[in-house]
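Colleague: I have some questions about how the labels on this model were assigned. Please set each value against its definition.

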Amino acid sequence: MSYIQELHERASREGWALGHFNVSSAEQIRSVVQAALNVKCPVLVGTSEGERKYLGLRQAVALVRSFREETGLPIFLNADHSKSVEAAKAATDAGYDSIHIDLSHLSYEENVKGTKEVVQYVRVRNLEAHVEAEIGLLKGESKIQREVIEVRPEDMTTSAQAADFVKKTGINRLAPAVGNIHGLAENEKIIYPDLIRKIRGMIPQHVGITLHGGSGISDALITAAIKEGVNNIHINTEIRVAAADAIRSSLAEHPEETTPYKLLEPMIRAVQLKVEEKLKLFGAVNKI
Ligand SMILES: [Zn+2]
């Protein structure tokens, strides 16, 4: 069994969730590493297609690997929301530890077919790698959206569909739509723990459940989601907001400063604190 798989199964068994945090710079990887070291827990760093295009695929792999080797921390890199089979294959080739293939914008049949292709591609190249896929409509983007974003019942994943999808594709983690949206919106973010429980009951125990769009969901709902079977939670927007706020204040407070690492220090710290807060909420403290 691969190390990532072992960690997911352990989190499920013990009732906590692995934190997955999106980054787009070496500084932010440093923030996540420091937070995980402080809290003593394994962690996943994610890069969306945009984030990894900016950071560089091989560079992201090298950075995460170097921190893993230097600190001994179980830190893994996930290719978050690969929107095509090609993008997922490129991340696999670059050495990502985990691949999230997201073909939920296609028809169900095409989603199954493409996801299966990625699972097979990854399996023959990297026995350690984990594959995640999703079904259902996940609205929104990882930013502050000044509008109400409503999730309709038909947007959500049904437990029967989840069971069929997992069986047909052989994935390691499923990202269902359980009321969640990406980013922050004008309306309160709601997820349905009952639906998570139903999905959990319909898929094999070794298959994990990932919750996307974790930013802005109340602590009580996050705790309920973990109780019902979520063992991996994604946070992006709250980190972006913390980073952007810190950069703006840093520039405003030090108009004469020209040294980038001095200007960016408050951002590293702000992201680190946000990540620590979430790891504690996910019950991930003292897991290494
Ligand atoms: Zn997501």
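**Binding-site residues and the barrel**

Modeller: His182 lies in the loop between β6 (173-176) and α8 (193-202). Helices (H or I, at least four residues) and strands (E, at least two) are DSSP runs, numbered from the N terminus. This is a predicted model, in which local features need pLDDT of at least 70, side-chain atom pairs count only at pLDDT 80 or more, and totals for chains, interfaces and linings use all residues. Residues are numbered from 1 along each chain as its sequence is written.

Colleague: Why is His182 called buried?

Modeller: A residue is buried if 20 or more other C-beta atoms lie within 10 Å of its own, exposed if 12 or fewer, and partly exposed in between, with C-beta atoms placed from the backbone. His182 has 21 other C-beta atoms within 10 Å, so His182 is buried.

Colleague: Which residues does His182 touch, not counting residues up to four places away in sequence?

Modeller: Contact requires that the C-beta atoms of two residues, placed from the backbone, lie within 7 Å. On that basis His182 touches Leu138, Gly140, Glu141, Ser142, His212 and Gly213.

Colleague: Where does UniProt place the feature "binding site"?

Modeller: The unreviewed UniProt entry places this feature at His81, His182 and His212. These residues are spread over 132 residues of sequence, but cluster in space, with a largest C-alpha distance of 11.7 Å. UniProt positions are given in the numbering used here, feature names are shortened, and annotations may be inferred rather than shown by experiment.

Colleague: What makes His81 buried?

Modeller: His81, in strand β3, has 27 other C-beta atoms within 10 Å and is therefore buried.

Colleague: How do you know that Asp102 and Glu134 gather at one spot?

Modeller: The unreviewed UniProt entry also lists Asp102 and Glu134 for "binding site". They span 33 residues in sequence, yet no two of their C-alpha atoms are more than 5.8 Å apart, so they gather at one spot. Among the contacts of Asp102, leaving aside its neighbours within four places in sequence, are His81 and Glu134.

Colleague: Why does Asp102 count as buried?

Modeller: Asp102 has 26 C-beta neighbours inside 10 Å and so counts as buried. Glu134, in strand β5 (residues 130-135), has 24 C-beta neighbours inside 10 Å and therefore counts as buried.

Colleague: What makes β2 and β3 a pair?

Modeller: Two strands pair if DSSP finds at least two bridges between them. Strand β2 (residues 43-47) and strand β3 (residues 75-82) have 5 bridges, in the parallel sense. In the order β1-β2-β3-β4-β5-β6-β7-β8, 8 strands close into a barrel with parallel pairing.
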